[in-house]
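Please examine the entry shown below.

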Amino acid sequence: MTILDGKKVSNDIKDEIAAEVTKIKERGEKVPHLAAIIVGKDGASMTYVNSKVKACERVGFESSLYRLPNTISELELLDKIEELNQNDDIDGFIVQLPLPPQIDTQKVLNAVDPDKDVDGFHPTNFGKMALDMTTFIPATPFGILELLERYDIPTKGKHTVVIGRSYIVGRPMSILMGRSGFPGNSTVTLTHEFTKNITQVTSQADIIIIAVGIPDFLKGEMIKDDAVIIDVGITRVPDDNAERGYVIKGDVDFDNVSKRASYITPVPGGVGPMTVSMLLKNTLLARERHKKRAIEAQR
């Protein structure tokens, strides 16, 4: 059994991006600029956004963080998004989820300029991804693809089972694993909360990608020997014996599943670190795209 070390691969990617930024600086060009909007003071969201800011510092990006009150109106938030859309200095930005109940999340995500949508959530980018066109792939699925590629895990002709159908992970993964190329060319089954006899499905899978937010959902008896397991889940589970009063659990019963798997991502340290790195990679791609467009406009 091989651990898919997302922390190591993530650091490798950051080193590669930092080297690219050094070259950009040497040419006297503008370095990539990533911005983030966070509404309210959700603890997990704050931690995640702060990790993005630190990652930007590490690779040499500029970063901006806009903290907005939980009481902000939908119209005010849309105005801030339009302000960032029009700011040529910002190459990409994200709106951290979840948003407070008075705000329509889909309306907000639709308001982001697709050319700056480094989260890959805008319908334009999602549609391009589905059509196998060049676009921003959502950061977590992008990170999973990168792990599969860097560990050279065969996907062609394999049976991939995706558990969970969110537009952030499950649905894009089901599309990406079935696309032409590598990683891809697998036969995909998308399962969810209403799938009957799910063990019958998972026990036939060569690759399982799970993102349901239910700790220890996938048990050892639900997989076949030598399956590849990608665990996207991350849940704080109360534990009086733990120093912080909780432990971090994935969607996979790691102790038992790892005994049968050929490859498996740990939680934490698997898919999580990859998400931030791929967000940086999307921002670098956005910067390159904007530069190319500016050159073409001058001709």
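Predicted model: local features only at pLDDT ≥ 70, side-chain atom pairs only at ≥ 80, totals over all residues.

Residues are numbered from 1 along each chain as its sequence is written, and side-chain values use heavy atoms, with hydrogens and water left out.

Q: In what order do the strands of the open sheet of 6 strands lie?
A: Strands (E, at least two residues) and helices (H or I, at least four) are DSSP runs numbered from the N terminus. Two strands pair if DSSP finds at least two bridges between them. The edge strands, each pairing on one side only, are strand S1 (2-3) and strand S6 (187-191). With parallel pairing, the order is S1-S11-S8-S7-S5-S6.

Q: Which residue in S6 is the bridge partner of valine 162?
A: S5 has parallel neighbours: 4 bridges join S5 to strand S7 (residues 207-210), and S5 pairs with S6 over 5 bridges. In S7, valine 161 has isoleucine 208 as its bridge partner. In S6, the partner of valine 162 is leucine 190.

Q: How many of the 5 residues of S5 are buried?
A: Buried means under 20% relative accessible area, exposed over 50%, and partly exposed in between (1.4 Å probe, protein chains only). In a regular strand the side chains alternate between the two faces of the sheet. His159, Val161 and Ile163 point one way from S5, Thr160 and Val162 point the other way, and all are buried. S5 is therefore largely enclosed by the rest of the structure, the buried count being 5 of the 5.

Q: What is the relative orientation of H1 and H6?
A: Two packed helices are described by the angle between their axes and the distance between the axes. The axes of helix H1 (residues 6-26) and helix H6 (residues 139-150) come within 11 Å and cross at roughly 95 degrees; axes are lines fitted to C-alpha atoms, for helices over the stretch in contact, with angles from 0 to 180 degrees between N-to-C directions. Angles under 35 degrees count as roughly parallel, over 145 as roughly antiparallel, 65 to 115 as roughly perpendicular and the rest as oblique. H1 and H6 are therefore roughly perpendicular.

Q: Which kind of pair do the rings of phenylalanine 121 and tyrosine 167 form?
A: Rings of Phe, Tyr and Trp (its six-membered ring) pair if their centres lie within 6.5 Å, with planes under 30 degrees apart counted as stacked, over 60 as edge-to-face and the rest as tilted. The count by this rule is 1 aromatic pair. The ring centres of phenylalanine 121 and tyrosine 167 are 5.8 Å apart and the planes lie at 85 degrees, so the pair is edge-to-face.

Q: What is the relative accessible area of phenylalanine 121?
A: Tyrosine 167 counts as partly exposed at 27% relative accessibility. Phenylalanine 121 is buried, and its relative accessible area is 12%.

Q: Where is proline 268 placed?
A: Most residues other than glycine have a negative phi, and most peptide bonds are trans. The peptide bond from valine 267 to proline 268 is cis, with omega near 0 degrees. Proline 268 has its place in the loop between strand S11 (263-264) and helix H10 (271-298).
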